[in-house]
Amino acid sequence: MEEHKETSRPPGKLPPWLRKRLPAAGASRQVARVLKDLGLSTVCTAAACPNLGECHARGTATFLIMGDRCTRDCRFCAIDGGRPLPLREDEPAAVAQACERMGLAYVVLTSVTRDDLADGGAEHFARTIHAIRERLPAAKIEVLTPDFQGRQADIDTVLAAGPDVFDHNVETVPRLYASVRPARTAPGPAPDYPRSLNVLSYVKSRSPHLGHRLLVKSGLMLGLGESDEEIRAVLGDLRTAGVDILTLGQYLAPSSRHCPVGRFVEPAEFARWEAEARQMGFPAVLAGPFVRSSYHAEELIVGD
């Protein structure tokens, strides 16, 4: 198994390719104002995304629904774990209003994992999709969902609402799940690699029967200690599952309490993985140090 070794670097020192110039704040302030007015959260802020300034400056945001506390508390994620608050009943309408005020043609919805809810929040996802469609019928909608503990009925609830893209991330290679994605809060099981693959396969199997075109998306982080062989095996699994859109990005530790960065992957290696993934048959691939699930998501729609 080919291992990667990090070159010597002072603690906390980022390589030059991970230093980003901040964009002008005008559009970003407008997005922040809309979110504040409507009491909404974005995963951009909650997960400390390095692209926040860039995406807000482009007038985009990934809406984080169902609160800002997750029942899984994975060791790579900046979102807090703990007991979630009750669902906000007017949140779907507020998200739809924000989308309209921001003039969005492409909307990305994600959520914390809500193992405390009987349906994992599937109906709340569906209500939010319907609310957006009422205000912006031409908008494309992408959902980035938890695994719903693999329950097909809950996945069907989301699919029936008509998203254009269904995204569920495997995040890392199977060997690292126990250390990177443990279940540290209750209720609910730990994240599980085969379960996530089954979610993606099931969504792909349902797509011909939905009456609308649906793309399946997934991604993983590099730099957590995985080998080339392990990355390649995951890409093969995702392609077999029917994934249409693949994202590969650099893991960055949100704090010293989270999993440490094993190595910083150079841009040339990301380019190599993108080329290899395309050769494997993925219709759309985005790979790079700053790539995240929803980064430039609207540009990855294939076949339009």
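A residue counts as buried here if its relative accessible area is under 20%, as exposed if over 50%, and as partly exposed in between (1.4 Å probe, protein chains only). With 11% relative accessibility, Ser207 is therefore buried.

Before going further, some ground rules: this is a predicted model, where local features need pLDDT of at least 70, side-chain atom pairs count only at pLDDT 80 or more, and totals for chains, interfaces and linings use all residues. Residues are numbered from 1 along each chain as its sequence is written, and side-chain values use heavy atoms, with hydrogens and water left out.

Back to Ser207, which you'll find in the loop between helix H8 (193-206) and strand E8 (215-222). Helices (H or I, at least four residues) and strands (E, at least two) are DSSP runs, numbered from the N terminus. The Ser207 side chain reaches the backbone oxygen of Lys204 at 2.7 Å. Leaving aside residues up to four places away in sequence, Ser207 touches His212 and Leu214, where contact means heavy atoms within 4.5 Å.

Now for the aromatic rings. A search of the whole structure turns up two aromatic pairs. Rings of Phe, Tyr and Trp (its six-membered ring) pair if their centres lie within 6.5 Å; planes under 30 degrees apart are stacked, over 60 edge-to-face, and the rest tilted. Phe125 and Phe148 have ring centres 6.3 Å apart and planes at 75°, so this pair is edge-to-face. Since Phe125 sits in helix H5 (residues 122-135) and Phe148 in the loop between E6 and H6, the pair ties together parts that are 23 residues apart in sequence. Phe148 is buried at 2% relative accessibility, and its phi is near 50°, a positive value in a residue other than glycine.

Tyr177 and Tyr193 also pair edge-to-face, at 5.9 Å centre to centre with 80° between the planes. Tyr177 belongs to helix H7 (residues 177-180) and Tyr193 to helix H8, 16 residues apart. Tyr177 is buried at 6% relative accessibility, and Tyr193 is buried at 7%.

What about the nonpolar interior? A nonpolar core is a set of buried Ala, Val, Leu, Ile, Met, Phe, Trp, Tyr and Cys residues joined through side-chain atoms within 4.5 Å. The largest one has 68 residues, and Leu246 is among those that touch the most other members. Not counting residues up to four places away in sequence, Leu246 touches residues including Leu235, Leu238 and Phe282.

How values were computed
Polar contact = N/O pair within 3.5 Å; in protein donor to acceptor, adjacent residues only side chain to side chain.
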